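Have the sequence and coordinates open.

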Amino acid sequence: MSSSYGRRMVLAVAGAATLTFSSFMLPLRLSSEPLTSMRKQTLLATTILLMLVAQGGFAQKAAVLTKIFYPKDSVQFTALHGEVGFGYRSREYGKTTMVICCTSEAGRFYMVFKKDIRHLSRMVEFENGYAGEVFSFASKQWEHEEGTWSRHELKGEPKDTVVYSIHNLRCLILKKSAAGITEVARFQDYGNEVYWPEFDYPSCSISDEDRDGLPEFYLSYMGNSDGLDAKPYKQLVYTVGAAPTAAVKAKATAYYPAGNEDDVYRVEYDQRWKQLPAPVRGKSKRLIDRHRSANPSE
């Protein structure tokens, strides 16, 4: 093949990639010029190229597969994933409330949600007042709270009960490899008497929105609190590379007014969130909008 013909062949193949298959073939069918061996090879190469482009053959990635496990599934999860187990590090981090298992081109991952309850109390309403009680983790029983009415001092049957929990939230993102289990990210937020963080479990997930074969980890939670300060709803996105050793966190925060006169609902995005691929930002934004729609009065 001459060098000039070779250059023409490369240009023909590159140019043909911008055409549809039918628009390319039509001039060939109408041409009366006989197909030489060189032209047949060019046609074959171009046809293969167009088929690959049409089918997305150049960058097709395997789907990210996920499965969610709850406490009721703990035995099943531990049987399938004994190297982690549903009670993974429960003594340190508290009870496991949910695990999302993910299989991807980058390996197998686990998103383990923890709730470590430090103190439980409740107010039980009766006809003429409230009885205060605290939960004893030693006896596993509710006991009278000093300084409040006791049940036998109040009339009638309980009408309503309000439970208050002081707890810490954690989420561990783990990767399984031949070397064992590696922690690539750890989220934690600690509650107290006037601050009560809670996971928004339906809005926590793993997916591959940008179809690069690498999972993104979406963690959403609400930070309720006492007082008039705006209440934050945080949507975190953790991303990993092809050989993940540590995840990168991006954050969007929606602020719900709670009584201050000048407060309005607003959403703020950190710089890493702004640098996420558009499909990933799109999912994060949808999760925030969904929470807003479900909680318009917050």
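The dialogue below goes through the charged pairs.

A: This is a predicted model: local features need pLDDT of at least 70, side-chain atom pairs count only at pLDDT 80 or more, and totals for chains, interfaces and linings use all residues. Residues are numbered from 1 along each chain as its sequence is written, and side-chain values use heavy atoms, with hydrogens and water left out.

Q: How many salt bridges does a search of the whole structure find?

A: Side chains of opposite charge can pair when their charged atoms come close. The criterion is a side-chain nitrogen of Lys or Arg within 4 Å of a carboxyl oxygen of Asp or Glu. The search finds 14 salt bridges.

Q: Which residue forms a salt bridge with Glu 198, and where do the two sit?

A: Lys 115 is the partner, with the closest N and O atoms 3.3 Å apart. The pair links distant parts of the chain: Glu 198 lies in strand β8 (residues 195-199) and Lys 115 in strand β3 (residues 107-126), 83 residues apart. Strands are DSSP runs of E, at least two residues, and helices runs of H or I, at least four, numbered from the N terminus.

Q: What is the relative accessible area of Glu 198?

A: Buried means under 20% relative accessible area, exposed over 50%, partly exposed in between (1.4 Å probe, protein chains only). Glu 198 has 28%, so Glu 198 is partly exposed.
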